[in-house]
Amino acid sequence: MVEDNTSRRRVLKGAGVAGATGLVTSFAGCLGDDDPDVEGADELDEEVPEIHLVAPTAGTNPFRNELASIIADNWEEIGFEVDLEELEFGAHVDKAVVQQDFDASLLGWGGTPERIDPHTFIYDMHHSNNTAEGGRNTPGYENDEYDELAELQVTQVDEDERQQTVYDAQEIIAEDQPRTYIANEGGYHPYASARVTDVDPTLGEGLNSFWNMISATPTDDDTVRFGYPSEIISLNPMQDLATPDRQFVRLIYDQLYRIDEDGFPSPWLATDDPEIEDDGMTYTLEIRDGVTFHDGEDLTVEDVEFTYEMYADSPTYSDLVDVIDEIDTSGNEITFHLEEQYAPFTANVLGQVYIFPEHIWGDVDPDDLVDFEDENWTGSGPFEFRDWERQAELQLEAFDDHFETPNADTFIRIPGSDTSTLVNSLESGQIDMVGAVPQPTAVDRVRDDDELDLADFDAVGYAMVEYNTRREPLDDRHARRALSYGVPKEEYVEFIRDGMGTVTHTTISEHNEFWHNPDVEEFYEDLEAAQQELADGGYGWDDDGRLHYGADQ
Amino acid sequence: MGLRAYVARRILQLIVTFWAFFTLLFVLFRMMPGDPTSMFIMDGMTPEQREQRIAELGLDQPLYVQYVEYARQLLTGDFGQSFIYRDPVIDIIVVRFMNTIVLMGTALVIAYLIGITFGAIMGWWRDSRFERGGIVVTLIARSSPEFWVGIVLLSVFAFWLGWFPSSGMRTTGGELGGGFVARYGSADFLRHLFLPALTGAIVYLATPTLLMRSTMLDVLNADFIEIKKAEGLPERTVLYKHAARNSILPIVTVMAIATGAAMGGSVVIETVFNWPGMGREMVNAVNNNDYPLAMAAFFLMGSVVIIMNFIADLTYVYLDPRVEYE
């Protein structure tokens with residue numbers, strides 16, 4: 001109980017006077033203590049197995065680390081035994097997502113623009129096809145009724161019909177709680193308002209957004225200097241890339257469509273929305289005239305066709321274009337024939353495949369694509385590559401012949417050892433923007449500085465607790481629902497994250513307005529409801545308050 | 001045992017040390033949880049892609065096969081290819097290693113120049129106020145954590161006075177690359193170097209100062225100093241030419257070892273000042289489970305320590321014939 005009290009105190013200290021309500025919620029569970037108010041099963045069977053909760057270390061994610069210890073306390077409060085294990089990011093992913101060696105895991109899912117289309121969150125994360133080791137359905141959730149809906153939404157080209165299906169699917173998982181959907185972790189990215197104007201933080205990405213990078217305008221010179229707490233791996237779009245890499249690759253390379261500021265795919269190298277035939281399996285679009293690559297060569301429909309074939313042969317990204325059966329071209333038009341209906345095709349395929357110059361990549365063997373070094377990284381995007389020294393700086397310059405010329409002539413990416421060093425550099429005038437959320441103390445400094453400001457953004461991704469439904473007692477919906485009642489979502493957003501973000505109860509963020517179902521079942525922290533849920537499920541408590549299976553279960 | 005036999009034995013020891021070091025590194029990294037694909041999984045790498053990548057990297061092979069393969073590679077001077085960057089490890093670390101050497105080298109030179117002089121004077125003026133004050137200052141420097149010294153210097157010189165930049169190695173946006181002189185000789189570079197090097201110098205200053213002072217005290221008690229004084233030589237000459245010179249011997253050994261240690265200690269300074277050096281690359285490589293890169297980085301840094309110790313031993317024998325070859 002000693003540990004219990006310190007962790008709560010730390011949270012409440014930050015809450016100050018406003019914490020009064022939080023205080024009531026926080027300690028509500030303590031009142032009942034060893035003597036549950038709820039009557040459980042009379043005849044008890046064996047103890048419910050200990051719950052192995054895997055969570056990030058304070059160094060990896062201080063907010064979630066703090067939350068994990070409160071969750072563990074709450075769960076113990078309602079009679080579970082909890083073994084909390086804190087791991088670094090890589091080890092955590094390996095243990096929970098790959099090895100699937102966990103009962104509960106507190107992790108986050110990032111909300112990159114291509115995840116604004118609900119497919120990733122509905123199908124990849126919850127369909128029973130994706131439960132293999134390393135698959136996105138980490139909980140191993142299987143529900144036939146749900147699977148049908150997840151499959152149906154893929155085929156629905158009509159957006160309103162698809163919306164209804166996505167709504168229904170959200171209702172089912174909200175009831176089943178394979179995960180506790182905790183919060184969309186929006187936040188602020190700091191920038192120097194005295195040196196850069198027209199910043200454009202967008203949904204899910206803040207200042208890392210493509211639209212911000214082409215819109216940001218330096219005030220006194222021609223350069224924007226952008227800091228990020230890690231170096232990128234490569235500019236080769238065919239390599240295995242992480243989100244920070246893609247955020248720069250897409251400045252240099254163009255796609256046919258880009259996800260716009262509202263989260264919908266909008267025409268980019270294409271002239272208009274694709275024409276989709278009634279069977280939902282044929283997409284036709286026209287390529288813009290007069291687009292050139294950075295070396296001056298024209299970008300033609302042949303380059304586009306070549307690119308899609310190259311992706312199909314590549315060991316890293318063939319999955320992405322798997323659904324394409326055949327490609328036809330005619331004049332400036334290109335037609336994709338799909339093998340099956342795939343509603344997110346525009347957002348998740350046409351919007352993600354980078355168009356390559358055939359005259360440079362044409363002779364590369366598919367197996368060598370990942371290692372191919374195009375020293376100039378010739379694309380057709382709004383910025384062209386100038387130079388790069390790893391860990392020091394990456395220099396890009398505006399491509400003046402682009403149809404959307406960026407406002408900064410030079411764009412420099414500076415990797416930092418951590419976010420606080422970057423905020424220091426921002427304050428000393430060495431960089432102009434930081435694409436990461438600073439520590440609360442640094443946020444206050446930025447607020448007080450006349451030359452600096454914070455850019456707010458909302459998130460599509462979320463923090464969650466995943467339950468391993470392959471194991472007891474998490475195979476039981478009542479147990480999962482009870483555990484969800486033990487997660488203090490509001491306290492997390494208001495106090496631990498200092499107001500950054502929004503509470504969620506479903507897999508689709510409320511900021512993703514079109515696809516978000518606002519009427520799903522909601523789980524707030526409520527330890528009595530948790531106990532009631534367990535009692536309804538046939539569980540009972542012994543004299544020490546420890547949870548047992550009921551004899552009748 | 002003669003000098004030659006001693007050197008031969010010492011070289012043999014060196015080889016064994018390298019082998020043990022390398023093996024330990026290999027085992028440690030393979031025991032770490034996770035693998036090089038972990039960082040991509042949350043970004044959408046599918047289970048099939050993951051398995052394919054693991055096989056490509058040879059990580060599905062039994063551990064001893066990987067060990068033999070890696071040892072074979074290393075013997076031919078090849079550090080392999082980075083798992084994450086997919087570039088030859090050597091290309092990635094050479095530049096970073098140079099950046100670290102320039103930074104820590106400068107710090108050590110400053111530390112030892114000041115330390116030796118300061119220590120000699122403290123020893124000479126034994127029991128003076130200067131000596132007592134000096135010891136306090138030195139001990140404070142010695143017990144200050146590197147990151148704290150760095151932050152204090154940053155607050156004063158970068159944020160308050162604004163004389164020096166707070167991070168990086170040069171003003172961004174200029175020409176990259178260039179020769180050694182262009183990279184490390186420019187005024188802009190020196191301005192960026194000042195604070196991190198000073199941080200290192202303050203932290204490494206205490207050892208030579210205290211050591212110099214205590215050996216000075218020993219030497220000053222020796223009869224020949226009395227004789228030199230009795231000969232009527234000026235105090236200054238006795239101090240520098242006879243006392244200090246004879247006290248410097250242990251410093252040489254310590255300096256060699258400190259150079260090795262400083263390479264490892266650079267991680268903190270590089271982090272605070274965002275210096276694009278080896279230490280930061282090492283931390284990244286470990287976080288990403290990029291075994292070849294991480295191992296090469298540790299191997300290089302460890303090699304500096306091992307070789308410097310070796311050199312220290314040999315120098316000692318050379319400088320002081322009284323040392324037994326045992």
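Which residues have the most contacts inside the largest nonpolar core? Select A:Leu256, A:Tyr308 and A:Phe336: these have the most contacts inside that core, which has 101 residues. A nonpolar core is a set of buried Ala, Val, Leu, Ile, Met, Phe, Trp, Tyr and Cys residues joined through side-chain atoms within 4.5 Å; buried means under 20% relative accessible area (1.4 Å probe, protein chains only).

This is a predicted model, where local features need pLDDT of at least 70 and side-chain atom pairs count only at pLDDT 80 or more, while totals for chains, interfaces and linings use all residues. Residues are numbered from 1 along each chain as its sequence is written, chains are lettered from A in the order in which they are written, and side-chain values use heavy atoms, without hydrogens and water.

Next, show helix H10 (residues 301–313) of chain A, which gives this core six residues, the most of any element; helices are DSSP runs of H or I, at least four residues, numbered from the N terminus. Stay on A:Tyr308: beyond its neighbours within four places in sequence, its contacts (heavy atoms within 4.5 Å) include A:Val321, A:Ile324 and A:Val353. Another core, of 82 residues, lies apart and includes B:Phe26 and B:Met212.

Now move to the contact between the chains, with 49 residues from chain B and 54 residues from chain A. Select B:Met42, B:Arg86 and B:Leu176, which supply 18% of the area that chain B buries against chain A (accessible area, 1.4 Å probe, lost on being put together, summed over both parts).

Finish at A:Arg390 and B:Asp87, whose side chains meet in a salt bridge at 3.1 Å, N to O (Lys or Arg side-chain nitrogen within 4 Å of an Asp or Glu carboxyl oxygen). Six salt bridges are counted between chain B and chain A.

Key
Buried area = accessible area lost by both parts, 1.4 Å probe. Buried < 20%, exposed > 50% of the residue type's maximum accessible area, 1.4 Å probe, protein only. Helix = DSSP H or I, 4+ residues; strand = E, 2+ residues; numbered from the N terminus.
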